Amino acid sequence: MSQGENKREGVGLALSGGGYRAMLFHTGALWRLNELGWLPKLCCVSSVSGGSIAAGTLAHAWPKLRFSGGVAANFHDEVVAPLRRLAGKRLDIPIVLRGMLKPGRSVGEELAAAYAKHLFGDRRLEQLDPSGPRFVFTATNLQDGALWWFFRQPGPYGQVPLATAVAASSAFPPFLSPVLVPDPRDDRSGEIVLSDAGVYDNLGLDPVEDQHATVLVSDAGKRMTRTGQPKRSWPGQLLRVLDIVDNQVRELRTGALLKSYVDKEMGGTYWGSYSDISNFELSDALAAPVAKTQALAETATRLTKMPKAVQERLINWGYAACDAGMRRWVDIDAEAPRGFPYPGTGVG
């Protein structure tokens, strides 16, 4: 490392996008990180889209979490329960319709209002607990194509509601996008036009990968499906091409991340909804047959009501994958879990 480079310190966590599927998968991962005593060790939590819903809920709950020995005894009540309640709500279609039909209201504003109602109230970024990790909610700036960061800070950007930051991060184009934020740098009352962070970086790596000595990555993004008959219409071809571009960017970022682990540029681990738990080579890993976890990984990327059994399976799978990654590569002396958070449901 040259003198001009920043020294890597602390632990960063990245939570990918993927709608309610990602939100619940990451809920399970956060559940296991809490049991392992790793939540207070986090210096930064970077999130994208559905991952930002989970991260925002953790950030909102942080002042209420009662830690003892690094473990928050009330984690379920303050983090898991609100996220499960949201997973029982149908948001996407009603929000799109309200945004289209209400004069003077955008779909982005309706999305932020829904998050405020169900999760965050009127809390603003500057009001996030400074004793907790630095929470970075990423979005894509449609004006310059760059990644936009929301985080706790003084000044006008700190006045942005947490619900708006999470909405911008999860404003899936074209239906839930864009979210507009006033630009204090523009004297002519300009606005910053933002869309889902997954357009730029669906893993949320940028705020953590070059900053921290240990980088944990939870990936619940959906892969491109193989098809023998690609659509030949112009709109169909365009959607397929966009899927290919997204898949290529994802593969390149994941490959670079894994190479950084191998080259020991940083420590950490990666677990994903497409992971085969047997590849972690733990004799006491939780039972998660790849045929069943693959089906969970293919859950639709939506913000719509999800059956309770599917919610529990996704949480269980995130919990199991995180446990395997942590105990194999990071916290090798940790005890194996006694079972799934929802033992009667498993992963399918």
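## Basis of the model

Because the model is predicted, local features need pLDDT of at least 70 and side-chain atom pairs count only at pLDDT 80 or more, while totals for chains, interfaces and linings use all residues. Residues are numbered from 1 along each chain as its sequence is written, and side-chain values use heavy atoms, with hydrogens and water left out.

## The annotated positions

In an unreviewed UniProt entry, the annotation "active site" covers Ser49 and Asp196; such annotations may be inferred rather than shown by experiment. The two residues are spread over 148 residues of sequence, yet they cluster in space, with a largest C-alpha distance of 6.1 Å.

Ser49 lies in the loop between β2 (42–47) and α2, where helices (H or I, at least four residues) and strands (E, at least two) are DSSP runs, numbered from the N terminus. With a relative accessibility of 7%, Ser49 counts as buried (buried means under 20% relative accessible area, exposed over 50%, and partly exposed in between, with a 1.4 Å probe and protein chains only). Residues up to four places away in sequence aside, Ser49 touches Gly17, Gly18, Ser169, Ser170 and Asp196, contact meaning heavy atoms within 4.5 Å. Ser49 also has a positive phi of about 50°, although it is not a glycine.

Asp196 belongs to strand β8 (residues 191–196) and, at 4% relative accessibility, is likewise counted as buried. Beyond its neighbours within four places in sequence, the contacts of Asp196 include Val48, Ser49, Thr140, Ser169, Ser170 and Pro173.

## Two helix pairs

The axes of helix α2 (residues 50–61) and helix α6 (residues 162–169) come within 9 Å and cross at roughly 165°; axes are lines fitted to C-alpha atoms, for helices over the stretch in contact, and angles run from 0 to 180 degrees between N-to-C directions. The two helices are therefore roughly antiparallel to each other (angles under 35 degrees count as roughly parallel, over 145 as roughly antiparallel, 65 to 115 as roughly perpendicular and the rest as oblique). Ser52, Ile53, Gly56 and His60 of α2 meet Leu162, Val166 and Ser169 of α6 in this contact. By class, these residues comprise three nonpolar, four polar and no charged (Ala, Val, Leu, Ile, Met, Phe, Trp, Tyr, Cys and Pro count as nonpolar, Asp, Glu, Lys and Arg as charged, and the others, Gly among them, as polar).

For helix α4 (residues 92–101) and helix α5 (residues 107–120), the axes come within 8 Å and cross at roughly 130°, so that α4 and α5 are oblique to each other. On the α4 side the contact is made by Ile95, Val96, Arg98, Gly99 and Met100, and on the α5 side by Val107, Glu110, Leu111 and Ala114. The residues of this contact divide into six nonpolar, one polar and two charged.

## Loops and backbone features

Arg124 is found in the loop between α5 and β5 (134–141) and is partly exposed, with a relative accessible area of 32%. Leaving out residues up to four places away in sequence, Arg124 touches Gly158, Gln159, Val160, Pro161 and Leu162.

Cis peptide bonds, with omega about 0°, join Pro173 to Pro174 and Ser177 to Pro178. Pro174 is placed in the loop between α6 and β7 (179–182), and Pro178 lies in the loop between α6 and β7 as well. Lys264, in the loop between α7 (234–262) and β10 (267–272), has a positive phi near 60° and is exposed, with a relative accessible area of 73%.
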